[in-house]
Amino acid sequence: MKVIVWRTRAGDGAGRGCLRRWRARLPRNRWVRLWLGCLGLLLFLCLLAILFYDLRPRAAPAAGMAAEGPLTLVIDPGHGGMDGGAVAADGTLESGVNLSIAFRMYDLAGLLGLPAVLTRSAAELNYPAEADTVRAKKVWDQKTRAALIASVKNGVLVSVHQNRFPDPRPSGPQVLYGPAPGSKALGERAQANLAAALDPGSRRVAAPAGEDIYLMKTAACPAILAECGFLSNPGEAERLKTEGYQRCLALLLVGSVLQEAGNGGL
Ligand SMILES: [Zn+2]
């Protein structure tokens, strides 16, 4: 029997030696490394999507699946219209950042073959005449979004938000999840993926959404709310405005949904 032994440096395991040499060739710039990491993740997700969508029709469909249709990603860009959400020190509104990330998620979902819908697709909202107070406008907006979410068969909701805190130091993503089945596992997966890529060493865990978050409370489908970062942290606010960082966030959120679906959690 012929045995092939990879030659390695003394003291190195074969795998570790290769890994070190490979890592040494990577660019030193953190953001270039992050980009390369995201690119690798995208290729992995493409493979996952191809496998998932190619294999699924050949497998015996689960009971009720034909009636429910394919999994559909419902992307909810938080706030909008007269509600700008959190405000960064430079005046950047949360509603605009949320919409930008949501558009990138929508495009990526299309690329990966995952049907997707948006709960809003513009900065402004067309309020009806009867919604003539700030409170009435907000109630109309939330109820309209909830009705759209409820109308989607076999949906999974990802609501996109940005965080704020009086102390400018906190940073990093925080995922909340609704009470519907499947939400907690998706929230934990998304939190782990976001932290691993964007906030290494974070000890935050996915947490149940409070009763006051209407869309999380009312969604009958698996639902998570991703606070992507803190607009109150000046450094993170700058990153959240960049195309590259928004693409990473979109990739990690859509990827988490596909991973969870691939593992049978959705
Ligand atoms: Zn928000």
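This is a predicted model: local features need pLDDT of at least 70, side-chain atom pairs count only at pLDDT 80 or more; totals for chains, interfaces and linings use all residues.

Reader: Fine. How many helices and strands are in the chain?

Author: The chain has nine helices and six strands. It has 266 residues, and 37% of them count as buried.

Reader: And what share of the contacts join residues at least 24 apart?

Author: It is 77%, taken among contacts between residues at least 6 apart in sequence.

Reader: Now the helices. At what angle do α4 and α9 pack?

Author: About 55°, with the axes 8 Å apart. Helix α4 covers residues 94-111 and helix α9 covers residues 243-262. The two are therefore oblique to each other, and their crossing is right-handed.

Reader: Which residues make the contact?

Author: On α4 they include Ile101, Met105 and Leu108, and on α9 they include Leu249, Ala250 and Leu253. The residues of this contact divide into nine nonpolar, two polar and two charged.

Reader: Changing topic: where is Gln191?

Author: Gln191 is in helix α6, which spans residues 183-198.

Reader: Is Gln191 buried or exposed, and why?

Author: Gln191 counts as buried because 24 C-beta neighbours lie inside 10 Å, and the cut-off for buried is 20 or more.

Reader: What is Gln191 in contact with, leaving aside neighbours within four places in sequence?

Author: Val175, Arg204, Val205 and Ala206.

Reader: And how are Gln191 and Ser202 separated?

Author: They are eleven residues apart along the chain, and their C-alpha atoms are separated by 9.8 Å.

Conventions: Residues are numbered from 1 along each chain as its sequence is written. Helices (H or I, at least four residues) and strands (E, at least two) are DSSP runs, numbered from the N terminus. A residue is buried if 20 or more other C-beta atoms lie within 10 Å of its own, exposed if 12 or fewer, and partly exposed in between; C-beta atoms are placed from the backbone. Two residues are in contact if their C-beta atoms, placed from the backbone, lie within 7 Å. Axes are lines fitted to C-alpha atoms, for helices over the stretch in contact, and angles run from 0 to 180 degrees between N-to-C directions. Angles under 35 degrees count as roughly parallel, over 145 as roughly antiparallel, 65 to 115 as roughly perpendicular and the rest as oblique. A crossing is left-handed if the near helix is turned anticlockwise from the far one by less than a right angle, and right-handed if clockwise. Ala, Val, Leu, Ile, Met, Phe, Trp, Tyr, Cys and Pro count as nonpolar, Asp, Glu, Lys and Arg as charged, and the others, Gly among them, as polar.
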